[in-house]
Amino acid sequence: MHVPDGFLDASTSWATAGVATAGVGSALVGAARRELDDRTAPLAGLVAAFVFATQMLNFPVGAGTSGHLLGGALAAVLVGPATATLCLTVVLLVQGLLFADGGLTALGTNITLMGLVGVWAGYLVFRLVQSALPRRVSMVAPAAVAGAFVSVPVAALAFCGLYAVGGQAAIPLDRLVTAMVGWHLLIGIGEAMITGLAVSSILAVRPDLVHGARRVLARRELAVRAGVAVSHGTPAPHPGSPGLATGGPTTPAPAEPAPGRSRSGARPSVSSRSLLLTGLVVALLLAGVVSFYASSHPDGLNHVARTLGFGSTATPHASDGSPFSGYATRGIGDVRLSRGLAGVVGVVLVAALGAGLFWNLRRKARPDAETASASEPARTTRTGAGHGHHLHFHGYSTIHRLPAHTKLVALVAYVVVVVATPRELPWVFAVHAVLLGVAVAVSQVPVRYLARRMVVEVPFVVFALLLPFVATGPRVTVGPLSLSQHGLAGAAALLVKGTLGVLASLLLAATTEPRDVVAGLERLRMPHQLVQIMGFMIRYLGVVTGELSRMRVARESRGFRARSVRSWPALASTVGALFIRSYERGERVHLAMLSRGYTGRMPVPHPMTATAAQWRLAAALPVAALAALLLGVAA
């Protein structure tokens with residue numbers, strides 16, 4: 001049920017975009033506070049990839065019509081409704097931007113219909129049915145089937161309401177409702193079957209990972225701890241019963257295992273990693289192989305649009321120039337290979353985006369000691385003997401642990417690829433930004449922390465804003481302004497490339513200690529004189545700023561306030577005194593270093609080395625960016 005551009009008018013599309021924005025924002029908060037933890041965050045990324053893969057598998061429902069999984073109820077049962085909304089949002093973003101599936105102006109409409117209405121309607125029905133069924137793990141799948149079945153026609157009915165408000169063609173509402181709900185009731189049967197199979201498969205191996213089974217498992221765990229034989233329904237003897245009064249033997253029935261453990265208390269035979277790898281392989285097979293055998297008939301919405309005559313109002317998709325438009329890889333003649341490669345790329349991209357998003361939210365879901373220390377980077381990184389730096393964010397992520405020289409090579413390679421990208425390929429820049437966003441999410445550095453330090457880009461922004469006014473060439477009138485077309489294009493390219501380069505550099509600074517950066521440069525065989533100069537510069541910046549801070553405190557303690565031009569002489573003398581003091585202190589430090597055997601090279605107690613796996617991990621970002629550039633150029 002991917003609504004294309006043109007079905008709804010602009011005001012309705014903007015209204016649904018507002019609803020979608022509010023819903024996704026609420027889902028971000030809800031997922032971080034109530035649903036995501038160390039176990040469910042990876043599963044949420046897998047669920048997003050699985051939903052993307054299964055949406056490529058259109059199944060026939062009769063009379064030249066097909067349907068595909070919406071996935072809202074399935075995701076809600078597995079990872080929770082708030083996280084499910086985020087999963088569907090990631091899927092719809094990738095489908096709209098890269099595969100031209102679902103309009104870009106209708107993105108808010110699709111998120112509202114599938115990510116909000118489909119998810120929450122299915123989850124509400126799931127909870128209602130679950131409350132009416134026995135409290136057993138085996139009853140979770142039937143309740144999920146009911147929720148999945150109902151979610152599809154409810155989403156179709158919601159589309160009918162939106163079309164009645166802002167449809168671009170005059171269609172009788174009763175005919176539209178009858179056609180949409182009728183076909184989507186049939187599609188709901190397929191949705192229910194797929195949801196039931198997926199939920200049952202995970203329940204069979206790891207019920208503790210299923211969000212919809214948490215209440216049942218928690219209730220059973222409490223019963224086990226209270227001494228109730230849950231599996232046979234036989235309560236433990238009441239205090240004062242003959243068995244306890246006389247000290248006679250009691251034989252409670254065997255209890256069910258605790259969540260995530262076997263009856264013996266051992267860990268489950270299927271680990272979370274094995275489950276995730278298996279699920280990812282299944283998603284890749286579905287998108288890369290099975291999708292070729294999917295039905296080619298239009299889905300329920302497109303069939304109804306053709307039948308009732310409003311399909312002609314659809315406008316061309318803005319992403320038709322993408323190399324994977326229509327789930328086909330441009331430049332590959334073999335149909336199976338073309339569709340399979342597009343599906344694999346989509347699954348990998350959705351899984352990477354979902355995993356990055358949910359791992360970042362997971363940090364907010366569990367305010368443990370690590371998160372508490374990471375929430376105060378300034379205090380953590382500025383302690384010790386001057387080794388910290390205000391740009392460094394203390395953490396233990398995978399990117400933090402990479403050797404500095406591998407990150408330096410990756411940064412230079414990524415920036416070169418970004419700069420080499422022609423400005424005529426905007427979607428490639430979008431891929432570069434997405435890849436960098438994934439790296440930021442994996443690093444667990446807060447976006448707000450990086451955004452505050454993006455102020456260093458202000459000179460580039462000012463220059464880019466002036467460029468359309470001063471550049472030559474054809475002019476375009478925007479209101480009262482006459483701007484250069486070449487200047488506008490150059491300003492846009494400068495802003496995009498500069499922002500990506502600055503953000504990548506800040507990410508390196510946030511995940512690498514300054515002394516490690518210097519050691520990494522030396523490891524890359526940079527001239528040691530330059531390395532020493534940079535090392536001393538980093539160290540003496542702290543010395544100078546500390547001296548300036550002490551002088552400012554001394555001035556203000558004597559009542560000095562710089563309020564007018566008359567204060568300039570005092571400030572000038574402060575600058576001179578600061579230079580003299582810093583120079584004298586530098587001399588003392590240099591003499592101290594010479595007395596300790598300094599000969600022009602700083603000692604390296606632990607030489608920096610990197611394994612092949614670390615090099616591959618560091619190269620993932622520039623290699624993926626280069627692949628996007630080559631695909632864009634080839635297209």
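Q: What lies 2.7 Å from the backbone oxygen of histidine 297?
A: A polar atom in the side chain of serine 66 lies 2.7 Å from that backbone oxygen. This is a predicted model, in which local features need pLDDT of at least 70, side-chain atom pairs count only at pLDDT 80 or more, and totals for chains, interfaces and linings use all residues. Residues are numbered from 1 along each chain as its sequence is written, and side-chain values use heavy atoms, with hydrogens and water left out.

Q: What makes the pairing of the side chains of serine 66 and asparagine 58 a polar contact?
A: The two side chains come to 3.0 Å. A polar contact is a pair of N or O atoms within 3.5 Å; within protein, one must be able to donate a hydrogen and the other to accept it, and residues adjacent in sequence count only if both atoms are side-chain atoms. The pair of serine 66 and asparagine 58 is therefore a polar contact.

Q: Why is serine 66 called buried?
A: Its relative accessible area is 0%, and buried means under 20%, exposed over 50% and partly exposed in between (1.4 Å probe, protein chains only). So serine 66 counts as buried.

Q: Why is phenylalanine 579 called exposed?
A: Phenylalanine 579 has a relative accessible area of 56%, so it is exposed.

Q: Why are phenylalanine 579 and tyrosine 583 called stacked?
A: Their ring centres are 6.3 Å apart and their planes at 20°. Rings of Phe, Tyr and Trp (its six-membered ring) pair if their centres lie within 6.5 Å; planes under 30 degrees apart count as stacked, over 60 as edge-to-face and the rest as tilted. So this pair is stacked.

Q: What makes phenylalanine 393 and tyrosine 449 edge-to-face?
A: Their centres are 4.9 Å apart, with 70° between the planes. Both residues are buried.

Q: How do you know that arginine 453 sits over the ring of tyrosine 449?
A: Arginine 453 lies over the face of tyrosine 449, at 3.7 Å from the ring centre. The rule asks for NZ of Lys or CZ of Arg within 6 Å of the ring centre and within 35 degrees of the ring normal.

Q: Why is cysteine 87 called buried?
A: Cysteine 87 has a relative accessible area of 1%, so it is buried.

Q: How many disulfides does the structure hold?
A: It holds 0 disulfides, a disulfide being a pair of cysteine sulfur atoms within 2.5 Å.
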